[in-house]
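Work through these exercises with the coordinates open. Each task is followed by a stepwise solution.

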Amino acid sequence: MPQVIIALLYFVGFWGLTFFPSLFIPLTSFCFFILFSVLSLCFPGTIKVTLFLLVAVLGFAIEWYGVHTGSPFGFYQYGEGLGIKWKDIPLVIGLN
């Protein structure tokens, strides 16, 4: 069942971002929260929390490095679609 929910979210997101970007971009961070919630239910236990924190911090650090140094993908920045930022990186990046 989680696979169906995840596939449906990605399908609707792709369709919405393709045809109605102004409506769907503000929903991106909400979608990250839904996906995180679905995946959290699939992996019970304390290892889940530890693994999440490790991946979230590592992912945030890599994004910070990329945005501030331009390495390895060139210089880029995040718009307002992903919500609140810290150090120019949206906080929901850890959920992604």
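What does the accessible surface of the protein come to, and what share belongs to carbon and sulfur atoms? The accessible surface is about 7200 Å². Carbon and sulfur atoms hold 78% of that surface. Accessible areas come from the Shrake-Rupley method with a 1.4 Å probe, and for residues only the protein chains shown count as cover.

The model is predicted: local features need pLDDT of at least 70, side-chain atom pairs count only at pLDDT 80 or more, and totals for chains, interfaces and linings use all residues. Residues are numbered from 1 along each chain as its sequence is written, and side-chain values use heavy atoms, with hydrogens and water left out.

**Exercise 1. Find the core.**

Step 1: take the buried fraction. Buried residues are 23% of the 96 residues. Buried means under 20% relative accessible area, exposed over 50%, partly exposed in between (1.4 Å probe, protein chains only).

Step 2: list the largest nonpolar core. Its nine residues are Phe32, Phe60, Val67, Tyr78, Leu82, Ile89, Val92, Ile93 and Leu95. Such a core is a set of buried Ala, Val, Leu, Ile, Met, Phe, Trp, Tyr and Cys residues joined through side-chain atoms within 4.5 Å.

Step 3: follow one member. Beyond its neighbours within four places in sequence, Phe60 contacts Trp86, Ile89, Pro90, Leu91 and Ile93.

**Exercise 2. Compare the linings of two pockets.**

Step 1: On a 1 Å grid over the protein atoms alone, a pocket is an open set of points where a 1.4 Å probe fits, with protein on both sides within 12 Å along at least five of seven lines; lining residues have an atom within 4 Å of a point.

Step 2: take the largest pocket. Its volume is about 400 Å³. Grid points are joined across faces, edges and corners, and a volume is the space filled by probe spheres set on the points. Of 17 lining residues, Phe36, Leu39, Ser40, Phe52 and Leu95 lie nearest the centre. The lining has 13 nonpolar, three polar and one charged residues. Ala, Val, Leu, Ile, Met, Phe, Trp, Tyr, Cys and Pro count as nonpolar, Asp, Glu, Lys and Arg as charged, and the others, Gly among them, as polar.

Step 3: take the second largest pocket. About 320 Å³ of space lies there. Its lining has 15 residues, with Leu9, Gly13, Leu27, Thr28 and Cys31 nearest the centre. Elements giving two or more of these lining residues are α1 and α3. The classes are twelve nonpolar, three polar and no charged.

**Exercise 3. Is Ser29 buried or exposed?**

Step 1: locate Ser29. The residue is in helix α3.

Step 2: apply the cut-off. Ser29 counts as buried because its relative accessibility is 15%.

Step 3: list contacts. Ser29 touches Gly81, Leu82 and Val92, leaving out residues up to four places away in sequence.

Methods
Contact = heavy atoms within 4.5 Å. Helix = DSSP H or I, 4+ residues; strand = E, 2+ residues; numbered from the N terminus.
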